[in-house]
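Colleague: Please take me through the terms used for this model, and for each one set the value against its cut-off.

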Amino acid sequence: MVNESTARKIDRFFSSVKLAIVLLTLIILSSIIGTFIPQGLEPLEYTQRYGRQIYNLFLLLGFTDIYHSWWFIFLLFLLGLNLLLCSLNRIKLRKRARGLIITHLSILFILSGAIVSAVWGQRGFMPLYEGEAKDSFVMKDNRIQKLDF
């Protein structure tokens, strides 16, 4: 069992501004990497651009699909947990901190959407031309996915 002192230390760690800064920095650096390394290409394209060894390293680190990698989603989850705990602690300190609470809750809402989309979302393409209506999209493996609306 966890004693009160340990629980307080854990709470202080996960609700600290320092942790938020570290997490935001890691998310920003990951996004920069995801900007410079094209995402979602075919393996042959990566090996032609970077060579087999670098491609294997990219696969190991999840750099070919950063925004859906387990570690990036985990960073988003930790940032959400940090924001939630910060908000809960600030509510206790200042009852009139509505702006702070609304801001944190809105960021939590956005993070939740990103995590749900990354874990359970489907990705594909739907070229549309003016005046055209479609009820399906093409997934990455060229399967047609019907939409429910």
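Modeller: Helices (H or I, at least four residues) and strands (E, at least two) are DSSP runs, numbered from the N terminus. By that rule Gln48 is found in helix 3. This is a predicted model, in which local features need pLDDT of at least 70 and side-chain atom pairs count only at pLDDT 80 or more, while totals for chains, interfaces and linings use all residues. Residues are numbered from 1 along each chain as its sequence is written, and side-chain values use heavy atoms, with hydrogens and water left out.

Colleague: Which elements does the protein chain have, and in what order do they run?

Modeller: The protein chain has six helices and three strands, and from the N terminus on they run α-α-α-α-α-α-β-β-β.

Colleague: What makes Gln48 count as exposed?

Modeller: Gln48 is called exposed because its relative accessibility is 63%, and the term asks for over 50%, with buried meaning under 20% and partly exposed in between (1.4 Å probe, protein chains only). From Gln48 to Leu105, 57 residues away in sequence, the C-alpha to C-alpha distance is 44 Å.

Colleague: Why is helix 3 called oblique to helix 4?

Modeller: The axes of helix 3 (residues 43-50) and helix 4 (residues 52-61) come within 7 Å and cross at roughly 125 degrees, the axes being lines fitted to C-alpha atoms over the stretch in contact and the angle running from 0 to 180 degrees between N-to-C directions. Helix 3 is therefore oblique to helix 4, since under 35 degrees would be roughly parallel, over 145 roughly antiparallel and 65 to 115 roughly perpendicular, and the rest is oblique. The contact (heavy atoms within 4.5 Å) is made by Pro43, Tyr46, Thr47 and Tyr50 of helix 3 and by Arg52, Ile54, Tyr55 and Phe58 of helix 4.

Colleague: How do the residues of that contact divide into nonpolar, polar and charged?

Modeller: They divide into six nonpolar, one polar and one charged, where Ala, Val, Leu, Ile, Met, Phe, Trp, Tyr, Cys and Pro count as nonpolar, Asp, Glu, Lys and Arg as charged, and the others, Gly among them, as polar.

Colleague: How do you know that Ser15 is buried, although Ser15 is found in a loop?

Modeller: Ser15 lies in the loop between helix 1 (4-14) and helix 2 (17-36), but its relative accessible area is 6%, and so it counts as buried. Leaving aside neighbours within four places in sequence, Ser15 is in contact with Asn82, Leu85, Cys86, Asn89 and Arg90.

Colleague: What makes Leu108 buried?

Modeller: Leu108, in helix 6 (residues 98-120), has a relative accessible area of 14%, and is therefore buried. Not counting residues up to four places away in sequence, Leu108 touches Gly80, Leu83 and Leu84.

Colleague: Why does Tyr129 fall in the exposed class?

Modeller: Tyr129 is exposed because its relative accessibility is 60%. Tyr129 is found in the loop between strand 1 (124-125) and strand 2 (136-139), and its C-alpha atom is separated by 54 Å from that of Ile10, 119 residues apart along the chain.

Colleague: How does the radius of gyration of the protein chain stand against the rule for a compact globule?

Modeller: A compact globule of 149 residues would have a value near 15 Å, but the protein chain has 20 Å, taken over C-alpha atoms, with the globule rule being 2.2 Å times the number of residues to the power 0.38. The C-alpha trace spans about 55 × 45 × 30 Å along its principal axes, and 27% of the 149 residues count as buried.
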